[in-house]
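Here are my notes on this model. Please read them with the structure open.

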Amino acid sequence: MSEHPKSQNDQAWESLFKKYDILSRIEAEGKFTISASQIKEYREPRLMAKFDHNINLPRIFARNKLAILPISRGDYIISHFEAYQTFQIVDTTVTRVSLPPNLQSLSASHIPSEAIAVNCALASGMLADFLEEETLYATVSGRMGSGQFDFTIRNLRTQCPTEVAVSNSQIEIDAALEGVHSLSLLEAKRDLAEDFLVRQLYYPFRVWSSRVTKQVRPIFLVYSNGVFSLYEYEFQDPNAYNSLVLVKHKNYSIEDTAIGADDLHDVAEGTQLLQEPEIPFPQANSFERVINICELLSTQELSREQVTEEYAFDIRQTNYYTDAARYLGLVEKRYEEGRKPVYSLSSRGKRIMQLSYQQRQLAFCEAILQHRVFRETFKLYMENGSLPDQNTIVSIMQQSDLYQIGSMSTFVRRSTTVSGWLNWILGLIGEEH
């Protein structure tokens with residue numbers, strides 16, 4: 001039994017599975033088709049049938065290795081589909097680009113939405129560079145019908161292809177950019193995740209491959225913390241959902257990303273140590289995702305359930321990463337009626353998120369190095385040129401008066417956050433720009 005409460009989606013889907021005996025039907029027939037009106041008996045279909053990342057799937061789906069895909073405007077199909085693809089980080093270097101100097105309505109330091117991220121990517125020329133098209137025109141975008149097409153998708157249980165027929169399902173394209181040689185279809189995100197739903201690229205690819213004679217290029221754009229990551233994919237067999245391969249990946253920034261070892265040394269030397277807060281010591285190894293939480297909260301406060309549903313987290317990870325941001329003084333937590341937690345940026349978090357790229361990274365470094373365990377471990381790196389081993393980090397943690405860490409196994413487990421965050425700090429040095 002999980003230690004965390006079930007989400008509204010968990011509860012609604014468990015009721016649907018019980019009412020329509022969905023697991024037995026899938027066992028007998030290999031798949032189950034469910035209508036939007038059936039889903040609506042328990043919750044709005046738009047909240048119940050869109051899971052951008054594998055971790056967002058309701059528990060009953062995850063436990064039984066199931067996924068859901070739309071097949072028309074009012075029907076969905078559930079089976080053991082291999083519906084998600086892992087992001088591959090091929091290159092961490094960052095190429096510097098600039099916005100045209102006469103533009104006044106776009107700012108590199110204020111990109112609050114995916115649409116504005118796409119506009120910045122287009123105006124700065126990074127998309128023309130990435131796509132190797134001299135001129136690009138923004139053409140179709142928004143929601144539209146899929147028309148009719150069939151495809152095969154791998155069944156995780158049998159490892160055999162399953163045939164799926166789509167008839168006028170709704171698709172959504174964040175941006176379509178046409179050049180002389182190709183039509184590029186963009187899916188844009190502002191949240192970092194380990195994987196993505198292939199359907200978001202595949203359905204638009206199938207629709208527009210039948211409507212134009214040029215090459216159709218599925219592109220994923222992820223914007224976070226000043227860096228635009230562009231991924232180009234190719235469906236090697238247009239009729240096979242799982243034939244997706246990454247053909248190109250490149251990172252860009254509109255701001256200057258140069259940070260030197262001396263900058264980090266100055267931060268470490270000039271930062272005052274803080275008393276440890278009465279907040280659990282972080283168990284959140286990816287500092288990029290701590291920053292991403294702050295970005296998510298920079299426009300509005302969110303409940304724990306909203307963070308979990310809108311971000312690539314389960315409730316356990318939401319707790320870990322929001323606690324990590326609270327530990328650094330970047331996020332505050334309050335309780336709504338019913339003891340439901342709601343998160344918002346602290347005044348410090350708001351101030352940091354308004355800074356330029358360089359100043360923002362150094363402010364994050366300061367927030368980390370104000371804590372003794374990180375400062376002492378960083379000093380050992382500066383003295384020896386490498387991070388100390390896990391036993392040394394655990395020893396420093398044991399001497400740092402951390403809040404409510406008792407067992408050795410917890411010290412060991414959470415020491416990976418210390419090395420993870422310090423590796424993030426050290427990764428800032430010498431980025432190409």
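Predicted model: local features only at pLDDT ≥ 70, side-chain atom pairs only at ≥ 80, totals over all residues.

**Core, sheet and cavity**

1. Leaving aside neighbours within four places in sequence, Phe151 is in contact (heavy atoms within 4.5 Å) with Leu69, Thr162, Glu163, Val164, Val166, Tyr202, Tyr203, Arg206, Asn239 and Tyr241.

2. Residues are numbered from 1 along each chain as its sequence is written, and side-chain values use heavy atoms, with hydrogens and water left out.3. The largest nonpolar core has 58 residues; Trp13, Ile34, Phe61, Phe151, Tyr202, Tyr233 and Tyr241 touch the most other members. Such a core is a set of buried Ala, Val, Leu, Ile, Met, Phe, Trp, Tyr and Cys residues joined through side-chain atoms within 4.5 Å. Buried means under 20% relative accessible area (1.4 Å probe, protein chains only). Helix α8 gives this core its largest share, six residues. Helices (H or I, at least four residues) and strands (E, at least two) are DSSP runs, numbered from the N terminus.

3. An open sheet of seven strands runs β5-β16-β15-β14-β12-β11-β6, with mixed pairing. Strands pair if DSSP finds at least two bridges between them. At the edges, β5 (94-96) and β6 (137-138) each pair on one side only. Strands β14 (residues 215-224) and β15 (residues 227-235) are antiparallel, over six bridges.

4. One cavity of 30 Å³ or more turns up in the whole structure. A cavity is a set of points, on a 1 Å grid over the protein atoms alone, where a 1.4 Å probe fits but cannot get out; lining residues have an atom within 4 Å of a point. The elements giving two or more residues to the lining of the largest cavity are β10 (170-173), β12 (182-189), α8 (199-209) and β14.

How values were computed
1 Å grid on protein atoms, 1.4 Å probe; cavity = no way out; pocket = protein on both sides within 12 Å on 5 of 7 lines; lining within 4 Å. Points joined across faces, edges and corners; volume = space filled by probe spheres on them. Buried < 20%, exposed > 50% of the residue type's maximum accessible area, 1.4 Å probe, protein only.
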